[in-house]
Amino acid sequence: SRHAYSTIDLSQLLENLDMRVVGLVAAALLALAFLSQSVAGKRATASHILVKDLDLANKLKADITNGDVDFADAAQKHSTCPSSAKGGSLGTFGRGQMVPEFDQAVFDEEIPVGTVIGPVKTQFGQHLILVTSESKPPPQARRVSASARDRRASASASARAWTSS
């Protein structure tokens with residue numbers, strides 16, 4: 001079968017490579033990819049309340065803003081997202097990990113941490129969002145991430161040159 005043929009080719013290839021070197025190259029490439037994704041951008045810790053109805057979202061926002069109800073309690077009672085069991089907590093995430101409308105609201109530089117954001121409409125419904133913390137990478141991490149693509153390309157070219165010799 002085709003699958004068996006592919007397995008044979010792969011096993012023959014692996015027999016001819018020094019696996020320690022391949023492992024080191026793979027580890028280096030993975031580390032660079034991790035650095036470029038995890039520290040390259042801003043990260044936020046946030047909770048949300050997801051409802052279908054805009055009127056309910058506006059009422060909940062007013063109640064939370066006025067201090068009549070706690071954000072986590074409102075999430076547990078009203079949110080249709082599974083995160084409601086944790087008071088709406090989504091944990092910590094980076095830019096680009098959420099749908100664009102949500103992402104844009106969370107990472108808006110002009111909205112202070114601790115502000116109830118929304119309603120924000122996405123394909124899932126209406127969100128109220130509470131960013132509880134955010135972090136920016138240190139200056140050296142930004143420099144690392146800016147050149148990570150070049151280093152990955154260089155490491156990849158080195159790996160190709162090594163495997164072709």
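1. The protein has six helices and four strands; here helices are DSSP runs of H or I with at least four residues, strands are E runs of at least two, and both are numbered from the N terminus. Reading from the N terminus, the order of elements is α-α-β-α-α-β-α-β-β-α. Keep in mind that this is a predicted model, where local features need pLDDT of at least 70, side-chain atom pairs count only at pLDDT 80 or more, and totals for chains, interfaces and linings use all residues. Residues are numbered from 1 along each chain as its sequence is written, and side-chain values use heavy atoms, with hydrogens and water left out.

2. Two overall numbers to start with. Buried residues make up 30% of the 165 residues in the protein, where buried means under 20% relative accessible area, exposed means over 50% and partly exposed is in between (1.4 Å probe, protein chains only). Take the contacts between residues at least 6 apart in sequence: 64% of them join residues at least 24 apart. Contact means heavy atoms within 4.5 Å.

3. Now the helix pair. Helix H3 (residues 54-65) and helix H4 (residues 71-78) have axes that come within 10 Å and cross at roughly 155°. That makes H3 roughly antiparallel to H4. For the angle classes, under 35 degrees is roughly parallel, over 145 roughly antiparallel, 65 to 115 roughly perpendicular, and the rest oblique. The axes are lines fitted to C-alpha atoms, for helices over the stretch in contact, with angles from 0 to 180 degrees between N-to-C directions.

4. Which residues make the contact? H3 supplies Leu56, Leu60 and Ile64, while H4 supplies Phe71, Ala74 and His78. By class, that contact has five nonpolar, one polar and no charged residues. The classes are: nonpolar for Ala, Val, Leu, Ile, Met, Phe, Trp, Tyr, Cys and Pro; charged for Asp, Glu, Lys and Arg; polar for the others, Gly among them.

5. Also in helix H3 is Ala57, which counts as buried at 1% relative accessibility. Ala57 touches Val51, Pro119, Gln126 and Leu128, leaving aside residues up to four places away in sequence. The C-alpha atoms of Ala57 and His127 are separated by 7.2 Å, although these residues are 70 apart along the chain. Pro119, one of the residues that Ala57 touches, lies in strand S3. I'd look at the peptide bond there: Gly118 and Pro119 are joined by a cis one, with omega about 5°.

6. Over in helix H4 sits Ala75, buried at a relative accessible area of 0%. Not counting residues up to four places away in sequence, Ala75 touches His48, Ile49, Ser84, Gly87 and Gly88. Ala75 and Leu128 are 53 residues apart along the chain, with C-alpha atoms separated by 9.2 Å. Asp73 lies in helix H4 too, but this residue is partly exposed, with a relative accessible area of 44%. From Asp73 to Gly87, 14 residues apart along the chain, the C-alpha separation is 6.3 Å.

7. Gly88 is placed in the loop between H4 and S2. Is Gly88 buried or exposed? Gly88 is buried, with a relative accessible area of 0%. C-alpha to C-alpha, Gly88 and Ala75 are 5.3 Å apart in space and 13 residues apart in sequence. With residues up to four places away in sequence not counted, Gly88 touches Ala46, Ser47, His48, Ala75 and Ser83.

8. Finally, the aromatics. The structure holds two aromatic pairs. Rings of Phe, Tyr and Trp (its six-membered ring) pair if their centres lie within 6.5 Å, with planes under 30 degrees apart stacked, over 60 edge-to-face and the rest tilted. The Phe93 and Phe102 rings have centres 6.5 Å apart and planes at 50°, so this pair is tilted. For Phe93 and Phe107, the centres are 6.2 Å apart and the planes at 90°, so the pair is edge-to-face. The latter pair links distant parts of the chain, 14 residues apart: Phe93 is in strand S2 (residues 89-94), Phe107 in the loop between helix H5 (100-106) and strand S3 (116-122).

9. Phe93, Phe102 and Phe107 form one aromatic cluster. Phe93 is buried, with a relative accessible area of 3%, and Phe102 counts as buried at 3%. Phe107 is buried, as is Phe93.
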